[in-house]
Amino acid sequence: MAFFSTLFSQIINGLQSGSIYALVALGYSMVYGIIMLLNFAHGDIIMVGAYVVWMSMTSFGLHPLPSILLAVVVSTLLGVVIEKVAYAPLRSSPRLSLLITAIGISFLLENGFQLIFGAGAKVVPPLIEGPTFKIAGASVSTPALVTLAVTVVIMIGLTLLVQKTKLGRAMRAVSEDMGAAQLMGVNINTTISFTFALGSALAAVASALYLSSYAQASPTMGSMLGLKAFVAAVLGGIGSLPGAMLGGFVIGLAEALVSAVGLSVWKDGVVFAILIVVLLVRPSGLLGKPMKEKV
Amino acid sequence: MKQTVKRIPMPVRYLINTVLIALLVFGSTAYVNGGGVSGYITKVLMVIGINIILAVSLNVATGYLGQLPLGHAGFMAVGAYTGGIFLKAVNASELGGAGYAAAIAAALVLSGLVAAFFGIIIGVPALRLRGDYLAIITLGFGEIIRVVLTNIDDLLGFKLTYGASGLKRIPKITSYFNVLVCVVLTCLVIHLIMKSRHGRAILAIRENEIAAESCGVRTTYYKVMAFTLSAFFAGVAGCLYAGYLGSLQPTTFGFMKSIEILVMVVLGGMGSMLGSILSAITLTALPEALRAFEDYRMVAYSLVLVLVMIFKPTGLMGQYDFSLSRILEKLLNLGKKSKKEG
Amino acid sequence: MADKKEKLVAVEGGVIPERDAGTPPVLEARHLGIDFGGLTAVDDFNFIIGKTEIGGLIGPNGAGKTTIFNLLTNVYQPTRGKILVNGVDTRGKKTYEVNRMGIARTFQNIRLFKALPVLDNVLVGMQGASGYHMGAAVLRLPVYWKQEKDAREKALELLSIFGMEHLADTPAGSLPYGAQRRLEIVRALATDPKVLLLDEPAAGMNPSETAELMENIRKIRDEFEIAVVLIEHDMNLVMGICEGIAVLNYGQIIAKGTPEEIRNNPLVIEAYLGRKEGAAGC
């Protein structure tokens, strides 16, 4: 019985961290789908969002909700500015140069924040307070429930946005064929900016959800989190939104289950091993479309 | 007016180059060992040498083959631990004279071979996939290596890598001289391979894989070969690194280390060995020179990276490569011209 | 010039020029077909090419001509049917192996090694011919020097077919368009093929360049004694040098024969011009 309740609470943990991975993975996936860039700076947007929440709560004494909103706004702007300043000039350059630029931006954010705020972690006051529930012998915290609920709502909203709205249609068109979309009157620059804005906003939400259970902000917090979210995006099929969501949950659950059997030090290894196996069997990821080169 | 361009015949070229390189190696070693530079500078020079080997070897996979491996530090780690464990096992620091030299040579070769073996294991499945997928698989490999090195002792119950506490008391075999010899050999071997039919096949794959295969190039074979070659020299660099530091931590060989090496290659200009060498020197020496500005140097480093990419996306040297003979020829022809005019 | 063209004679599997009737066909496709996710791109494609034949593959855009080249070189694996090169089945072979069996090709969208010099483009084509090992390269053994020298000389000789030997050190990507197409042919020839597949060799060329190309294709055939199959939209070129022509529409052969037969075939005219337009000179 004790085993099952441990298992159950690990599944809840897995779903909770999986939600965060999924939200971040969406940003990677959307950007890759549109400009074929592994946006390494995406993980650091999470970090920036966390610092905004921390500052507005501790320095300005704001309530959690406006702090989170502020973080979303700042992150969104940052995402768009990074795209305009660093990525847009390189749109016709070799893709590797674009990738290095993204890595450079990622370094810049991490080291810049370290310079300003120091290398130590900042403790963020509790964002979501509430009782811990007992379900089937396992304890489930309020932040875990809120994380799950928020993620589900966002995913439904995002799916509707991409499927039903004009901007969503433009996004899909650009990722299918940028040249053709441009000829059909889609404004490429607006669409790309919108994609970055959307991805960054999701990252800020993920950041708030992360803080609600881990309550710490540090300059390098985004790098491992981002790397795993990126793995989630690839696992699910990069460029595919349902894939990113699925990948996030798979990674979260896999980590939780590896911890549940007492091998938590191996969990990073397991995550990457799953990735390698999936890619070798299905190179386009779980839900991705296979790509074929035209001869 | 007919202009005759003076060309140096092949054997003479090789002779000139060999003499110049030997002069460089022995002359500079004599200078360094004779106390011409401080101990600190000698150390920086050794790190520069190790980084040159790493960058030049990654350039084979990235610049020449056109792939994007993100796990070069993983191969370096494999080489470092192989070399470290071997050197401890044979107790290299206790050996004298010829035995000491043989132990070093054996450690370097062994490290390279084990890393190359991992290169084949990763390369065969990964190189079937195109583009970014290779990047992602090698990234995963690098991370797995790190996790394995940290935890393997606990799992299997022996004392090999000493996990997170690190492999300590490795004989410090790395000297200015043997780093320099390894740098020269690495560059030479890669250069000689690239200027042969094998090198042309690798470049052809980068330029257009389908066309290369249609011309009879065994694409899979050459991709794995270039990848393995790249891993081999990363392993050698790892061994030198182990013998330089005297202790190893798995965390040293994380994703960031791989990125650091990649940055050297791209900044120098992909496909240019000279570029890799110059940027390995610059990017190692610059942070050292900026030590006084400790807090700002990493910010400056990342800014430089972004700015170079925005304003010179092909890297500083593009695909330009350095040829000693070409410069000599130019000088010869200049001399002739001015004589005629005079 | 037209009198140099020979009569076609029937052999098992199809027709080939009379002079090749004594030797087995060099290339043969039997009931070849490929589906892409339920869509049939090529179906029941049959043809044979004589040892020194110049064959043509024509048809409207999207008829599946390039797909057939991709099948013949095993870039795509056929869903149905088989391909024989000198009587040997190519099933399961890699593209480079098919090349070494004697099939070389050019590409419709030029695929040169752009950053490499013209000479190196040709030398890559000789990959299969020179065999020194990596060790020989690193140690610069005599075999390296000898084979490199021989390959270089042969490459320059091949380039001289199109008078391009003076361009040997130019990067291939900076050649003018027509020269790039010619270089692709030289590179294909360097692999020492039995059959040369040319995908729209005259695309983007002006009439005088096309006429010169026509001469050169014939010269290559005579000098190297190989077969040539070309996909082309320029009807002057096709009718001028091809001995046997196959017309493809919607992935199927709708007509085969000599240029005269094809010119007068109502099905062909219809495929090109649509049902109602009626006759117009090709």
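Strand β3 (residues 27-36) of chain C pairs with β4(C) in the antiparallel sense, over seven bridges. Strands here are DSSP runs of E, at least two residues long, while helices are runs of H or I, at least four residues long; both are numbered from the N terminus. Two strands pair if DSSP finds at least two bridges between them. Within this pairing, C:Ala29 has C:Phe47 of β4(C) as its bridge partner.

The two strands belong to an open sheet of four, ordered β4-β3-β6-β7 (chain C), with antiparallel pairing. At its edges are β4 (39-49) and β7 (88-89) of chain C, each pairing on one side only. Helix α1 (residues 65-72) of chain C lies across β3, β4 and β6 (80-85) of chain C. The helix runs at about 65° to β4(C). Such angles run from 0 to 180 degrees between N-to-C directions, with axes fitted to C-alpha atoms, for helices over the stretch in contact.

## About the model

This is a predicted model: local features need pLDDT of at least 70, side-chain atom pairs count only at pLDDT 80 or more, and totals for chains, interfaces and linings use all residues. Residues are numbered from 1 along each chain as its sequence is written, and chains are lettered from A and ligands numbered from 1 in the order in which they are written.

## A six-stranded sheet in chain C

Chain C also holds an open sheet of six strands, with mixed pairing. The order is β8-β9-β10-β5-β11-β12. β8 (103-105) and β12 (252-257) of chain C each have a single partner strand, so one side of each is left without a neighbour in the sheet. From one strand to the next, the twist averages 20°.

Inside this sheet, β5 (residues 54-58) and β11 (residues 244-249) of chain C run parallel, joined by four bridges. C:Leu57 stands opposite C:Ala246 in β11(C).

## Where chain B meets chain A

30 residues of chain B are in contact with 32 residues of chain A. Contact means C-beta atoms, placed from the backbone, within 7 Å. On chain B, α5 (132-156), α10 (255-268) and α12 (294-311) each supply at least two residues of the side that touches chain A.

## A bent helix in chain B

Helix α2 (residues 39-64) of chain B has 26 residues. It bends by about 35° at B:Leu58. The bend is the angle between axes fitted to the seven residues ending there and the seven starting there. Just after α2(B), B:Gly66 takes a positive phi of about 80°.

Technical notes: Two residues are in contact if their C-beta atoms, placed from the backbone, lie within 7 Å. The expected span of a helix is 1.5 Å times one less than its number of residues.
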